[in-house]
Amino acid sequence: MGRMIKLTRYEKNPIMVAKADSPWESCNVSNAAAAVYDRKVCLIYRAEGKELRTGPGSWPVTRLGFAVSE
């Protein structure tokens, strides 16, 4: 059986926030998936700006973003 690890919530959450000056991620960033690659943390996240889909009851266009941290 595998070894158990204890995770601790990061005290400075959130680690990502919407950028008011960015047209495609100004309203919301969420659902980040993280992986370590080449000693860097890579994040793929969902972002929403003010652009709306067409049609009745439309909601924001959702895009994927990519971020890298050392």
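**Entry 1. Terms and ground rules.** I take two strands as paired if DSSP finds at least two bridges between them. Strands (E, at least two residues) and helices (H or I, at least four residues) are DSSP runs, numbered from the N terminus. The model is predicted, so I read local features only at pLDDT of at least 70 and side-chain atom pairs only at pLDDT 80 or more, while totals for chains, interfaces and linings use all residues. Residues are numbered from 1 along each chain as its sequence is written, and side-chain values use heavy atoms, with hydrogens and water left out.

**Entry 2. Overall make-up.** I looked up the elements of the protein chain and found 0 helices and 3 strands. Along the sequence they read β-β-β. I then looked up the extent of the protein chain: its C-alpha atoms fill a box of roughly 50 × 25 × 25 Å along the principal axes.

**Entry 3. Surface and contacts.** The accessible surface of the protein chain comes to about 6300 Å², and 56% of this belongs to carbon and sulfur atoms. Areas come from the Shrake-Rupley method with a 1.4 Å probe; for residues, only the protein chains shown count as cover. I noted that 19% of the 70 residues count as buried. Buried means under 20% relative accessible area, exposed over 50%, and partly exposed in between (1.4 Å probe, protein chains only). Of the contacts (heavy atoms within 4.5 Å) with a separation of 6 or more, 23% come from residues 24 or more positions apart.

Entry 4. In what order do the 3 strands lie in the open sheet? I read the order as 1-2-3, with antiparallel pairing. Strand 1 and strand 3 (60–69) are the edge strands, each pairing on one side only. On average, neighbouring strands of this sheet are turned by 20 degrees against each other, direction ignored. For such angles, axes are lines fitted to C-alpha atoms (for helices over the stretch in contact), and angles run from 0 to 180 degrees between N-to-C directions.

**Entry 5. Strand 1 against strand 2.** I found 8 bridges joining these antiparallel strands. N28 stands opposite E48 of strand 2, V29 has A47 of strand 2 as its bridge partner, and V36 has V41 of strand 2. The hairpin of strand 1 and strand 2 has 2 residues between the strands, and D38 takes a positive phi near 55 degrees there.

**Entry 6. Strand 2 against strand 3.** This antiparallel pairing runs over 9 bridges. I looked up R46 and found L64 of strand 3 opposite.

**Entry 7. V41.** This residue lies in strand 2 and is partly exposed, with a relative accessible area of 34%. Leaving aside neighbours within four places in sequence, I list A34, A35, V36, A67, V68 and S69 as contacts of V41. V68 is 27 residues from V41 in sequence, and the two are 5.7 Å apart in space, C-alpha to C-alpha.

**Entry 8. The aromatic pair.** How many aromatic pairs does a search of the whole structure find? I got 1. The ring centres of W24 and Y45 are 6.4 Å apart and the planes stand at 20 degrees, so I log the pair as stacked. Rings of Phe, Tyr and Trp (its six-membered ring) pair if their centres lie within 6.5 Å; planes under 30 degrees apart count as stacked, over 60 as edge-to-face and the rest as tilted. The pair links distant parts of the chain, 21 residues apart: W24 is in the segment before strand 1 (28–37), and Y45 is in strand 2 (residues 40–52). W24 has 29% relative accessibility and counts as partly exposed, whereas Y45, at 6%, counts as buried.

**Entry 9. E25.** I also looked up E25, placed in the segment before strand 1. Is E25 buried or exposed? Its relative accessibility is 4%, so E25 counts as buried. Not counting residues up to four places away in sequence, E25 touches A18, K19, Y45, A47, E48 and G49.
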